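Visitor: I have a structure to go through with you. Could we take the helices, the surface and the pocket in turn?
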Amino acid sequence: MERKQVQLTRQQLAGLRREARRHHVSESAVIRDAVDAWLARGGDAERRQRFERALAVVGKFRSGKHDIAVEHDRELAEIYEEDRRGNR
């Protein structure tokens with residue numbers, strides 16, 4: 001096992017101590033169980049949800065042009081020229 005030092009709020013520490021006493025285990029065991037549960041759920045649920053939302057929009061905003069990756073400089077020049085003329 002590896003040692004890790006963490007900082008907890010007073011409320012977190014009080015809850016940790018309560019859980020350890022209630023289950024008759026060490027505070028470290030409670031922390032390890034909590035980390036295992038978090039990892040089993042897939043880690044950071046909010047991060048996973050943001051990724052899924054971002055992935056859901058992939059391909060939804062098509063320009064109809066197929067050469068943008070190759071002709072990106074020309075595309076940008078056209079857009080800037082339109083903006084300069086006030087056409088946008």
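Visitor: What should the 14 residues of helix α2 span, and how far apart are its end C-alpha atoms?
Guide: Bearing in mind that this is a predicted model, helix α2 covers residues 27–40, and at 1.5 Å a residue it should span 20 Å, which agrees with its end C-alpha atoms being 20 Å apart.
Visitor: And what happens just after α2?
Guide: There G42 takes a positive phi of about 100 degrees.
Visitor: Which other residue has a positive phi, although it is not a glycine?
Guide: That is H24, with a positive phi of about 60 degrees, and its place is in the loop between α1 (10–23) and α2. Most residues other than glycine have a negative phi.
Visitor: Is H24 buried or exposed?
Guide: H24 counts as exposed because its relative accessibility is 74%, and the cut-off for that class is over 50%.
Visitor: Changing topic, which residues make the nonpolar surface patch?
Guide: The patch, about 520 Å² in area, is made by V6, L8, I31, V35, W38 and L39. Of these, I31 is found in helix α2 and is partly exposed, with a relative accessible area of 36%.
Visitor: Now the largest pocket: how much space lies in it, and what lines it?
Guide: About 400 Å³ of space lies in the largest pocket, and its lining residues are M1, E2, R3, K4, V6, L16, E27, S28, I31, R32 and V35.
Visitor: Where does the largest share of that lining come from?
Guide: It comes from α2, which gives five residues; V6, I31 and V35 belong both to the nonpolar patch and to this lining.

Definitions and conventions: Residues numbered from 1 in each chain as written. Predicted model: local features only at pLDDT ≥ 70, side-chain atom pairs only at ≥ 80, totals over all residues. Heavy atoms only, no water. Helix = DSSP H or I, 4+ residues; strand = E, 2+ residues; numbered from the N terminus. Expected span 1.5 Å × (residues − 1). Patch = residues over 30% accessible without salt bridge, like charges linked within 9 Å, V, L, I, M, F, W, Y side chains within 5 Å. Areas by Shrake-Rupley, 256 points an atom, 1.4 Å probe, with all protein chains shown as cover. Salt bridge = Lys/Arg side-chain N within 4 Å of Asp/Glu carboxyl O. Buried < 20%, exposed > 50% of the residue type's maximum accessible area, 1.4 Å probe, protein only. 1 Å grid on protein atoms, 1.4 Å probe; cavity = no way out; pocket = protein on both sides within 12 Å on 5 of 7 lines; lining within 4 Å. Points joined across faces, edges and corners; volume = space filled by probe spheres on them.
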